[in-house]
Amino acid sequence: EPLPEGPTRSVLARAEALLDRSPLPDVGVHQAVVCNAPWRRRLLAPFQADAFGSKRRLCGWIVVNRADVGADRCFAGTRVRTLSSVLAHEATHELLHLRMPVYDRAPGWKVEGLCEHVARESSLDDATGWRTLREGPSSPAWDSTAFFYWRARRMVGQLLEVEGWTVDELFDREVDEAALLERVRAQAR
């Protein structure tokens, strides 16, 4: 079904603004499909049914889970985040693939961390993320997917924004993850 024109333009403008702040140059037009019917999501992204979105390389589409375009919201089960950030996150996957075709061999925290860094949000709120980081592995949220994405975003942000690394350095250099996480944890204190 057609998406409402005004709200759609607003969401796309917010996603574009996020991509404009990205350390990767945006090189093209991205196509997105919003799957408000569960059967469509299973058809287009059968292995990512619980994700907010996914990038389909064969057809070039960003496949988005259930969304309320007028409210700039995207849903994955009970989790919610802005649709514009999901679009920016998934477009960053495509930009990474175009820049470095083997980027998916990089550690997941680097890939997802950069995508979340560009999106400027995660499904886990900052208060819970910082609390989980302070508590460490004893926290019940420590092993959650939501915390993995939040932590990855903070680790990439530390390298790019605080320590001045480039995207090439992020993917080319070895990183002592424990030491990096300790530098991020110092911000939580």
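Visitor: In which loop is aspartate 72 found?

Guide: In this predicted model, aspartate 72 is found in the loop between β4 (67–68) and β5 (73–76).

Visitor: What is the phi of aspartate 72?

Guide: The general idea is that most residues other than glycine have a negative phi. Aspartate 72 has a positive value, near 55°. Arginine 120 also has a positive phi, near 65°, and is found in the loop between α4 (108–119) and α5 (126–135).

Visitor: Is aspartate 72 buried or exposed?

Guide: Aspartate 72 is buried, since its relative accessible area is 7% and buried means under 20%. Arginine 120, with a relative accessible area of 31%, is partly exposed.

Visitor: How is a pair of aromatic rings described?

Guide: Two quantities are used: the distance of the centres and the angle of the planes. The structure holds four aromatic pairs. In one of them, tryptophan 130 and tryptophan 150 have ring centres 5.0 Å apart and planes at 85°, so the pair is edge-to-face. Tryptophan 130 lies in helix α5 and tryptophan 150 in helix α6 (residues 145–162), so this pair ties together parts that are 20 residues apart in sequence. Both tryptophan 130 and tryptophan 150 are buried.

Visitor: What are the centre distance and plane angle for the rings of tryptophan 142 and phenylalanine 147?

Guide: Their centres are 5.0 Å apart and their planes stand at 40°, so the pair is tilted. Tryptophan 142 and phenylalanine 147 are both buried. Ring pairs link Trp130, Trp142, Phe147 and Trp150 into a cluster.

Visitor: Which residue lies over the face of tryptophan 142?

Guide: Arginine 151 does, at 5.3 Å from the ring centre. Elsewhere, arginine 81 lies over the face of phenylalanine 52, at 5.7 Å from the ring centre.

Terms used:
Residues are numbered from 1 along each chain as its sequence is written. This is a predicted model: local features need pLDDT of at least 70, side-chain atom pairs count only at pLDDT 80 or more; totals for chains, interfaces and linings use all residues. Side-chain values use heavy atoms; hydrogens and water are left out. Helices (H or I, at least four residues) and strands (E, at least two) are DSSP runs, numbered from the N terminus. Buried means under 20% relative accessible area, exposed over 50%, partly exposed in between (1.4 Å probe, protein chains only). Rings of Phe, Tyr and Trp (its six-membered ring) pair if their centres lie within 6.5 Å; planes under 30 degrees apart count as stacked, over 60 as edge-to-face and the rest as tilted. A charge sits over a ring if NZ of Lys or CZ of Arg is within 6 Å of the ring centre and within 35 degrees of the ring normal.
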